[in-house]
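Work through the two exercises below with the model open. Each task is followed by a stepwise solution.

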Amino acid sequence: MSELKANDRDRLLYVISAKQEMSWKSFKDALDYFYHREEKSSDREENQKTKKLKNLRSQTVRALESLAHCDYDFNKQRLYIAPPALVRIPCMGFPQAILIGSRSPDTISKLSQDCKSVGIHINVEMTEQPSDIMLAPRRVTVRAEAIEELHEIASKSQIPFLENPAAWSLLHFSASVDRYWETLQWQEETELNWDNKTFDPISLKFRSYSVTKQNIHLSQYTNPRTQAKAHYLWHTDRRCEIKNPDWGRYAILWKSDRHILAYDRRRFTLAVPVGAKLPILLERALTLCSGYLPKFVDKIPQIDSKIFGFHIFSAIPPNIAEILAQKLGQTLNEISLKH
């Protein structure tokens with residue numbers, strides 16, 4: 001894939017911002033258009049390219065949600081842009097705010113001008129994401145010397161400034177795994193006659209073999225007609241359909257007393273296995289600690305070798321890491337994460 005220019009990485013976000021909301025089909029069409037402009041392949045590579053593009057679509061939506069640019073309604077199959085806002089990140093030193101929500105080239109240009117009018121020492125910094133997602137929007141940061149300056153910039157730009165870090169607000173607003181479990185509505189049902197896989201809390205993968213189904217387990221079924229996936233939590237002979245498998249996986253990990261989160265207290269980095277992605281509000285809380293998407297590493301030596309693939313979140317204060325773990329029924333594995 002050819003290297004995109006820095007400002008080209010914002011193109012998809014510009015399109016979604018202009019539309020305000022998009023159907024999943026429209027989003028795919030827009031992303032595919034940008035992808036095919038950059039990716040050149042032979043006919044022999046077409047199948048591999050199609051699979052790569054399918055993964056890229058889901059990864060890009062997840063990245064946009066994680067960075068608080070938009071929200072995806074799975075039931076309606078629609079993407080909704082969030083209004084622009086400057087949100088403070090929970091960092092030491094001079095106050096910093098990142099730009100979330102909708103964005104256009106004019107947004108950044110005007111924000112830069114407003115920063116200079118408040119003080120020549122204030123700059124808008126734009127840096128690329130540490131991610132191979134080709135259309136992951138750049139991190140836009142305003143660094144000031146005082147909170148009052150950020151309020152003044154927000155007033156001039158007519159972009160709300162959230163002085164209380166959004167990471168904290170999201171963390172406290174999010175549900176917890178025990179409360180989630182209490183909301184489940186169980187029904188006595190027999191096993192579905194569909195192809196299915198069971199979530200393995202050891203490898204963190206859905207498997208169709210070598211997994212002993214416990215009294216409490218999570219199953220993924222494939223509709224034979226539409227090929228759509230459905231997820232059910234089982235408790236002995238009762239089941240409950242769940243729309244969010246992220247919470248379902250952590251419910252199983254909680255009930256299995258399986259602790260898979262790792263934290264480096266010296267480097268303020270937190271590792272989350274790819275096979276146990278965080279519920280989106282909690283993932284967003286971590287992402288908004290820095291404004292950066294997590295880095296991917298395939299292995300961490302100190303963690304169970306059966307787990308492959310980790311996302312490393314940066315600039316995570318210890319108290320945020322601890323509250324996150326508590327929400328998920330997890331105990332942090334405190335190790336050194338040299339990545």
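The exercises cover a helix pair and a cavity. The model is predicted: local features need pLDDT of at least 70, side-chain atom pairs count only at pLDDT 80 or more, and totals for chains, interfaces and linings use all residues. Residues are numbered from 1 along each chain as its sequence is written, and side-chain values use heavy atoms, with hydrogens and water left out.

**Exercise 1.** Determine how H1 and H2 pack.

Step 1. Take helix H1 (residues 11-19) and helix H2 (residues 24-38). Their axes (lines fitted to C-alpha atoms over the stretch in contact) lie 10 Å apart, at an angle of about 155 degrees.

Step 2. Classify the angle. H1 and H2 are therefore roughly antiparallel (over 145 degrees).

Step 3. Assign the hand. The crossing of H1 and H2 is right-handed.

Step 4. List the contacts (heavy atoms within 4.5 Å). From H1, Arg11, Leu12, Val15 and Ile16 meet Phe27, Ala30, Leu31, Phe34, Arg37 and Glu38 of H2.

Step 5. Sort the contact residues by class: seven are nonpolar, none polar and three charged.

**Exercise 2.** Describe the largest cavity and its lining.

Step 1. Count. There is one cavity of 30 Å³ or more. A cavity is a set of points on a 1 Å grid where a 1.4 Å probe fits but cannot get out.

Step 2. Size it. The largest cavity holds about 70 Å³ of space.

Step 3. Find the lining (residues with an atom within 4 Å of a point). It has 13 residues, with Leu67, His69, Leu99, Arg139 and Gly291 nearest the centre.

Step 4. Assign elements. Strands E5 (96-100) and E7 (139-143) each give two or more residues to this lining. E5 gives the most, with three.

Methods:
On a 1 Å grid over the protein atoms alone, a cavity is a set of points where a 1.4 Å probe fits but cannot get out, and a pocket is an open set with protein on both sides within 12 Å along at least five of seven lines; lining residues have an atom within 4 Å of a point. Grid points are joined across faces, edges and corners, and a volume is the space filled by probe spheres set on the points. Helices (H or I, at least four residues) and strands (E, at least two) are DSSP runs, numbered from the N terminus. Axes are lines fitted to C-alpha atoms, for helices over the stretch in contact, and angles run from 0 to 180 degrees between N-to-C directions. Angles under 35 degrees count as roughly parallel, over 145 as roughly antiparallel, 65 to 115 as roughly perpendicular and the rest as oblique. A crossing is left-handed if the near helix is turned anticlockwise from the far one by less than a right angle, and right-handed if clockwise. Ala, Val, Leu, Ile, Met, Phe, Trp, Tyr, Cys and Pro count as nonpolar, Asp, Glu, Lys and Arg as charged, and the others, Gly among them, as polar.
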